[in-house]
Amino acid sequence: MPRKPLIGINADFRAAARTTPAFAYIGEGYYRNIIQAGGVPVIVPPQVDEESAHRVLDAVDGFMFIGGADLDPRNDGFMLHPSVRPLDPGREFSDRMMMAEIAERRMPVFGIGVGHQLLNVQQGGNLFLHIKEDLPNAVPHLDLQDTNHRHTLDVVSDSLIGRVYGDGEIRVTSRHHMAIDEVAPGFRVTARCPDGVIEAIESEMIDWFAIGTQFHPESEAASALDIRIFEEFVDAVREHSQRFDEQTEPDNFHLVA
């Protein structure tokens, strides 16, 4: 029986407040779905240097980046829009450092929400900073009164997302005000909201399994189809790990008397 792959998952971070200490945390849906898909989640708090990041990635077989607040556009040479609520700086520094090393290693990766945006930005794409201004005809993608706000999705059939959802109407949980504008080289769009907003990207590089979803398949409102994205990811990690083990396995030596 194949061993269960270890899947690193970045944790979010909240600074100390007057009545609470600082703490790292993660929504239950992220690690629960990795477990159900046959992986072993390894929760990774923000890392402070490259050596630490490399040691973490040496220990896991794949990595998933969770959702959260917003990437700070100033880190990519853009002005800070009034609507942007940046991630904790320590988390963003760690996430960017980890994503760069993951890309260098061609380690299987799955980004959700801001993790999906980070995948695109790190690979050379960019973002709309506020959908309401940049795409005024777009449908609502964020409802502050409903964290499980859903909208429909148009998928590309010849893709992982297409395999997961098949034909028929698709509805996914959406809660974002930023979105991908220019898609990074080496990636293609595999799902959009009917208003044109990009909701999923996938790597076209034959040596790298990398996928991002702007929508949230880990949410409490997720369907059985949503959960299949995690199964596809864990299967890809397992296959990559097996190939890596075969390539690094030492030659068999026979002792001669």
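How many of the six residues of strand 13 are buried? Six of the six are buried, so strand 13 is largely enclosed by the rest of the structure. Here, buried stands for under 20% relative accessible area, exposed for over 50% and partly exposed for anything in between, with a 1.4 Å probe and protein chains only. Strands (E, at least two residues) and helices (H or I, at least four) are DSSP runs, numbered from the N terminus.

The model is predicted: local features need pLDDT of at least 70, side-chain atom pairs count only at pLDDT 80 or more, and totals for chains, interfaces and linings use all residues. Residues are numbered from 1 along each chain as its sequence is written, and side-chain values use heavy atoms, with hydrogens and water left out.

The protein chain has seven helices and 14 strands. Its radius of gyration is 19 Å, close to the 18 Å that the globule rule gives for 257 residues, so the chain is as compact as a globular protein of that length. For this comparison, the radius is taken over C-alpha atoms, and the rule is 2.2 Å times the number of residues to the power 0.38. Along the principal axes, the C-alpha atoms fill a box of roughly 80 × 50 × 35 Å. Buried residues make up 48% of the 257 residues. Of the contacts (heavy atoms within 4.5 Å) with a separation of 6 or more, 68% come from residues 24 or more positions apart.

Eight strands form an open sheet in the order 4-1-5-6-14-13-12-9, with mixed pairing; two strands pair if DSSP finds at least two bridges between them. At the edges are strand 4 (40–44) and strand 9 (154–155), each of which pairs on one side only.

Strand 13 covers residues 198–203. Five bridges pair it in the antiparallel sense with strand 12 (residues 187–192), where Val189 stands opposite Ile201 of strand 13. Strands 12 and 13 form a hairpin with five residues between them, and Gly196 in the turn has a positive phi of about 100°. Strand 13 also runs antiparallel to strand 14, joined by three bridges. Ile201 has Gly212 as its bridge partner in strand 14, while Ala200 stands opposite Thr213. A hairpin through six residues joins strands 13 and 14.

Phe244 has its place in helix 7 (residues 224–248). With a relative accessible area of 47%, Phe244 is partly exposed. Along the chain, Phe244 and Asp61 are 183 residues apart, yet their C-alpha atoms are separated by 9.7 Å.
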